Each structure stands twice: as C-alpha cells, then as structure tokens.
Amino acid sequence: MRRLENKVAIVTGGASGIGAGMVDLFVQEGAIVVAADINDEALEKASQKENVYGMKLNVASDEEWEAFAKEVNDRFGKIDILVNNAGISSEKPYQEINLDDWQKMLSINGFGPFAGIKHVAPYMAAQNQGSIVNISSYTAQIGQGFNHYSASKGAVRALSKAAATTFGHQGVRVNTLFPGIIETPMTASLSTSKELLGRLIQATPLQRLGKPADIANAALFLASDESSYITGSELVIDGGFSAQ
Ligand SMILES: NC(=O)c1ccc[n+]([C@@H]2O[C@H](COP(=O)([O-])OP(=O)(O)OC[C@H]3O[C@@H](n4cnc5c(N)ncnc54)[C@H](O)[C@@H]3O)[C@@H](O)[C@H]2O)c1
C-alpha cells in the first residue's frame, strides 16, 4: 500500500519549486492533490499531471480560502492533508523596508498559513483526523539578514504551535518544516554567482544545497499516518547550516 493511498491533499504554492516537488511525490504515493497557486500559467502546467487538480488561490485572502476549502471538500468529499507552502521572499535591506513591504510579506507568508488552517482544519476535525504541514524557513531560527521575511517565517513557527494545541483534541496534527537554501526559482539568483554559490556550499556541513525532494520527503512523512503521534514538532532541513 502506498503511503498516502486514498488521501486528499492540498499543497499551496504547488505550481513551482518545493511545492511542485511535494505534489509529484504525494501523487506517486497515492494521493489526489490539489495544487493551489496564484500563478495561472504554472497552474495550467501542473494540472496536466495525473491526479493533480490545479486551483487558483491567493493565500492572503480570507474569503478566497473559505470558498476554496469548501469547494475542495465538496468536490473530493474530504481533506486529509494541507501543506501551507506558498510564499514570497525578499532580501531588502532593513532600512528600506516600509509598512507596505511588511504588510505584503506578512499577509502572504503569515496570514496565508493562518487562514489556511482556519478554513481547512474544521473539515479535518469533522472526520477527526488530518495533517497540516507548514513551511517556515531556517531564517526563522537564525539571523541571516532576511529581515521581514524572517519575521514572517517566525510567525509561521509560532502559529503552528498555537494550531497544534488548538486542534489536537480534534485529531488534527500541525507540524513545521524549516528548509535551508533549496534550489528553486525563489533562489535561482544564487546560481548566477558561482562565487556566492561556492561559499554557501562550503558553509554547509553536508556540502550541498537542498533540493525540493529533500523537503518533499519530510513533508510526506508528516502528512502520512506514520507520524500519527507527532504534532507541534519542528524539523530543520538545511544540511546542518543552522547547527553551526
Ligand atoms: N527555496 C528556498 O531556499 C526556501 C528556503 C526556506 C523556505 N522556503 C519556503 O518554501 C516555500 C516555497 O518556496 P520555493 O522556493 O518553492 O518558491 P517558488 O517561488 O518556487 O514557489 C512559490 C510558489 O508560491 C506561489 N505564491 C506566491 N504568492 C502566492 C499567493 N499569494 N497565493 C498563492 N500562491 C502564491 C508562487 O506562485 C509559486 O508557485 C516558501 O514558503 C518559501 O518561503 C524556501
């Protein structure tokens, strides 16, 4: 039996990078996967895969989340897994960040996962089981000059714990992954500088950058029933970078 046989999963930001890696692995393991994303073009591509249903969603919208969760539940009869993965990043210097920058970052990266849990957890609670995996970042744990991005990922860390304690008694588990630098379109600019890339690899104990599959494998474990006694937990996947 495959590890997600008969499960219905939602992966936000499922049209690119880490999210796309999770969509592929979850389908391989027997799930029906809704790839939710704001990018129409990428969604259309994602929808061509078997057992993948691309649906448009702006995770920063409370109203869109409410309608989306109902639509998924009506269409597939249940929701077993939610991965809050959609996000944006920024390397803007501290002194240049204004309130608009802050609000945009926190709306997508912070409110997005919050609203996802708010609207999806009740469907999970109704069946007394469900697994939510939130994608934070190693920058929530150590200072790396990412400023408001780090703050938004710190919000993910804290809200995961809050949700784990709020929904645990209804059978809904909530865990958090902290990726290091993973090779995706979000970090594509790094590979344009061979020197910077070399320095980052040198600085990583396991001597390589991460791949979407590194995160997908951990998400698979947390999404599956193999982790049925794990909630409120945190897993860093960064090749040892933040252990130093
Ligand atoms: N790549 C890394 O090194 C790294 C490291 C740590 C954490 N992360 C986190 O992993 C997650 C995925 O990152 P990635 O590297 O795959 O990035 P990516 O840019 O390849 O993919 C992000 C996806 O999110 C979607 N998205 C953006 N805003 C959205 C919105 N408002 N509503 C719905 N979808 C939206 C994009 O369209 C895109 O498909 C992000 O939360 C990111 O912060 C990435």
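Predicted model: local features only at pLDDT ≥ 70, side-chain atom pairs only at ≥ 80, totals over all residues.
Buried means under 20% relative accessible area, exposed means over 50%, and partly exposed is in between (1.4 Å probe, protein chains only). Residues are numbered from 1 along each chain as its sequence is written, and side-chain values use heavy atoms, with hydrogens and water left out.

**Ligand and its shell**

- The ligand has 28 residues around it (a heavy atom within 4 Å), and the closest are Ser 16, Asp 37, Asn 85, Tyr 149 and Thr 184.
- Sorted by class, that shell holds 14 nonpolar, 12 polar and two charged residues; here Ala, Val, Leu, Ile, Met, Phe, Trp, Tyr, Cys and Pro count as nonpolar, Asp, Glu, Lys and Arg as charged, and the others, Gly among them, as polar.

**Polar atoms by the ligand**

- A polar contact here is a pair of N or O atoms within 3.5 Å.
- On the nitrogen side, a polar side-chain atom of Asn 58 is 2.9 Å from a ligand nitrogen, and a polar backbone atom of Leu 57 is 3.3 Å from a ligand nitrogen.
- For oxygen, there's a polar backbone atom of Gly 180 at 3.3 Å from a ligand oxygen atom.
- On its own the ligand exposes 830 Å², and the protein buries 92% of that (Shrake-Rupley method, 1.4 Å probe).

**Pocket**

- The ligand sits in the largest pocket, with more than half of its atoms within 2 Å of the pocket's grid points.
- A pocket is an open set of points on a 1 Å grid over the protein atoms alone, where a 1.4 Å probe fits, with protein on both sides within 12 Å along at least five of seven lines.
- α1 (17-28) and α5 (148-167) are the elements that give two or more residues to the ligand's shell; helices (H or I, at least four residues) and strands (E, at least two) are DSSP runs, numbered from the N terminus.

**Loops and a strand**

- Ser 61 is in the loop between β3 (52-56) and α3 (62-76), and its C-alpha is 9.6 Å from that of Gly 116, 55 residues away in sequence.
- Ile 32 belongs to strand β2 (residues 32-37) and is partly exposed, with a relative accessible area of 28%.
- Most residues other than glycine have a negative phi.
- Asn 128, in the loop between α4 (99-126) and β5 (130-135), has a positive phi near 60 degrees.
- Asn 147, in the loop between β5 and α5, has a positive phi near 50 degrees.

Note on methods. Polar contact = N/O pair within 3.5 Å; in protein donor to acceptor, adjacent residues only side chain to side chain. 1 Å grid on protein atoms, 1.4 Å probe; cavity = no way out; pocket = protein on both sides within 12 Å on 5 of 7 lines; lining within 4 Å.
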